[in-house]
Amino acid sequence: MAIYAHPDDADVAAGGVLAQWALEGCAVHLVVVCDGSKGSHVPQVDVRSLREVRRQELQLASDLLGVTTIECLDHVDGAVTNDDTLRSTLVGLIRQHRPEVVVGPDPTATFFGGVYVNHRDHRETGWALLDAVAPAAAMPLYFPDKGEAHQVHQLLLSGTHEPDVVVDVARTIDTKVKAVLAHASQIAGDAEGIRDVVYGRAGQAGHPVGLSFGEAFRSVELSF
Ligand SMILES: [Zn+2]
């Protein structure tokens, strides 16, 4: 299961590994917390059509990756908060789909290279998924009306400053490029430029461990 804030986040952060798992026959469940309705630099943009366009882009990208189910929680961009309501929803989805692995943003990473502040929605979603996985979903007295307790075996957190696992995504890197490109409303520049960026980041993650293309994560193996 992948839990991310915005419609394009999973593809950018973990599209290679999600496509790889789908190829291998795994069920891949994607949860998108926000509606993408502030993903534009144009002040006059029609928010309702932007939300609809982003929903279509998400469907297209997910079809390319081979995602099994998509759950859109439709929080307004910028308004997601790690509260009881969000945790309860995530616990319900985790208990329903019973994933072995949950992939999502590392909420501890705030600043990147002196040029980027990690989006609040990514951080709030990251904290909410951590709290939902460990311990809430695994313990029956948390949200007892949300199904039978389920222990997730492993967390893989992307966008991290402390990666300790690199997954080989050479087989699916071009699928990842296509999935990223499917989010046309979020793309500035041409397809070749985007491909070069995706290749470049995957090369940076993979080269230190001898891979052509990798995706790096902080791994947490939870006891069960
Ligand atoms: Zn995002």
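Predicted model: local features only at pLDDT ≥ 70, side-chain atom pairs only at ≥ 80, totals over all residues.
Leaving aside its neighbours within four places in sequence, which residues is Asp35 in contact with?

Residues are numbered from 1 along each chain as its sequence is written, and side-chain values use heavy atoms, with hydrogens and water left out.

Asp35 lies in the loop between β2 (29–34) and α2, where helices (H or I, at least four residues) and strands (E, at least two) are DSSP runs numbered from the N terminus. Once neighbours within four places in sequence are set aside, Asp35 is in contact with Pro7, Arg51, Asp74, His75, Val76 and Asp77, contact meaning heavy atoms within 4.5 Å. With a relative accessible area of 6%, Asp35 is buried; the word buried stands for under 20% relative accessible area, exposed for over 50%, and partly exposed for values in between, using a 1.4 Å probe and protein chains only.

The side chain of Asp35 also takes part in polar contacts, one with the side chain of Ser37 at 2.7 Å and one with the side chain of Arg51 at 2.9 Å. A polar contact is a pair of N or O atoms within 3.5 Å; within protein, one must be able to donate a hydrogen and the other to accept it, and residues adjacent in sequence count only if both atoms are side-chain atoms.

## Helices α2 and α5

The axes of helix α2 (residues 47–65) and helix α5 (residues 173–181) come within 8 Å and cross at roughly 170 degrees. Here the axes are lines fitted to C-alpha atoms, for helices over the stretch in contact, and angles run from 0 to 180 degrees between N-to-C directions. Angles under 35 degrees count as roughly parallel, over 145 as roughly antiparallel, 65 to 115 as roughly perpendicular and the rest as oblique, and α2 and α5 are therefore roughly antiparallel to each other. Where they meet, α2 contributes Ala61, Leu64 and Leu65, and α5 contributes Thr175, Lys178 and Ala179. The residues of this contact divide into four nonpolar, one polar and one charged, given that Ala, Val, Leu, Ile, Met, Phe, Trp, Tyr, Cys and Pro count as nonpolar, Asp, Glu, Lys and Arg as charged, and the others, Gly among them, as polar.

Within α5, the residues Ile173, Lys176, Val177, Ala179 and Val180 are buried. They cover an arc of only 165 degrees around the axis, which puts them on the same side of α5; the arc is that of the directions from the helix axis to the C-beta atoms. The buried residues of α5 pack against α1 (9–23), α2, α6 (191–206) and β9 (214–221).

## Two serines

Ser158 has its place in strand β7 (residues 154–158) and is buried, with a relative accessible area of 5%. Its side chain makes a polar contact of 2.7 Å with the side chain of Tyr4. Beyond its neighbours within four places in sequence, Ser158 is in contact with several residues, including Tyr4, Ala13, Gly104 and Phe217.

Ser185, by contrast, lies in the loop between α5 and α6 and is partly exposed, with a relative accessible area of 33%. Its side chain makes a polar contact with the side chain of Gln186 at 2.9 Å. Apart from neighbours within four places in sequence, Ser185 is in contact with Leu50, Val53, Arg54 and Glu57. Of these, Val53 is found in helix α2 and counts as partly exposed at 33% relative accessibility.

## Backbone angles

Most residues other than glycine have a negative phi, and most peptide bonds are trans. Phi of Asp74, however, is near 60 degrees, a positive value in a residue other than glycine; Asp74 lies in strand β3 (residues 69–75) and, at 39% relative accessibility, counts as partly exposed. Arg98 likewise has a positive phi, near 50 degrees, and its place is in the loop between α3 (84–97) and β4 (101–105).

The peptide bond from Ala134 to Pro135 is cis, with omega near 15 degrees, and Pro135 lies in the loop between α4 (120–133) and β7.
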